[in-house]
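Here are my notes on the model, as numbered points. Have it open while you read.

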Amino acid sequence: MTDPIADMLTRIRNALMVKKETVEIPSSNMKKAIADILLKEGYIKDVRFEEDGYNGKLVLTLKYTDKNQSVISGLERVSKPGLRTYSGAATMPKVLGGYGIAIISTNKGIMTDKQAKAQNVGGEVLCYVY
């Protein structure tokens with residue numbers, strides 16, 4: 001697999017389309033950090049790690065409104081393996097005018113655009129969530 005983050009986002013997007021309750025994703029430290037940000041920002045209900053004898057897997061419990069609509073309306077991969085996208089602290093992207101989040105990989109770890117701006121660090125723009 002050449003882009004595991006795009007695979008994670010696609011699995012979440014596909015599960016949301018068919019109104020699945022949970023989605024299983026092969027685990028890695030970066031995927032766990034992205035899932036923790038989604039949990040902290042309120043886009044998913046729960047994240048748990050299950051051992052499967054290999055690397056383990058992340059089980060994400062998706063979040064829906066009372067009208068059975070997904071809380072996540074869009075997941076978009078920004079920086080791809082063929083074309084990396086970086087942003088400085090001053091030029092941090094705003095997603096939907098501040099309603100969404102950008103997930104950034106910095107030298108201080110993976111964080112949201114707001115956290116990166118507050119800590120005055122830039123980095124690779126991994127994805128947009130809105």
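1. Terms first: buried is under 20% relative accessible area, exposed over 50%, and partly exposed in between (1.4 Å probe, protein chains only). This is a predicted model, where local features need pLDDT of at least 70 and side-chain atom pairs count only at pLDDT 80 or more, while totals for chains, interfaces and linings use all residues. Residues are numbered from 1 along each chain as its sequence is written, and side-chain values use heavy atoms, with hydrogens and water left out.

2. Helix α2 (29-40) has 12 residues and reaches 16 Å from first C-alpha to last, close to the 16 Å expected at 1.5 Å a residue. (Helices are DSSP runs of H or I, at least four residues; strands are E, at least two; both are numbered from the N terminus. Expected span is 1.5 Å times one less than the number of residues.)

3. Which residues of α2 are buried? They are K31, I34, A35, I37 and L38. They sit on the same side of α2 because they cover an arc of only 155 degrees around the axis, taken from the directions from the helix axis to the C-beta atoms. The face turned away from that buried side carries exposed N29 and K40. G42, with a positive phi near 90 degrees, follows α2.

4. L38 also turns up among the residues with the most contacts inside the largest nonpolar core, which has 26 residues. (Such a core is a set of buried Ala, Val, Leu, Ile, Met, Phe, Trp, Tyr and Cys joined through side-chain atoms within 4.5 Å.) α1 gives the largest share, 6 residues.
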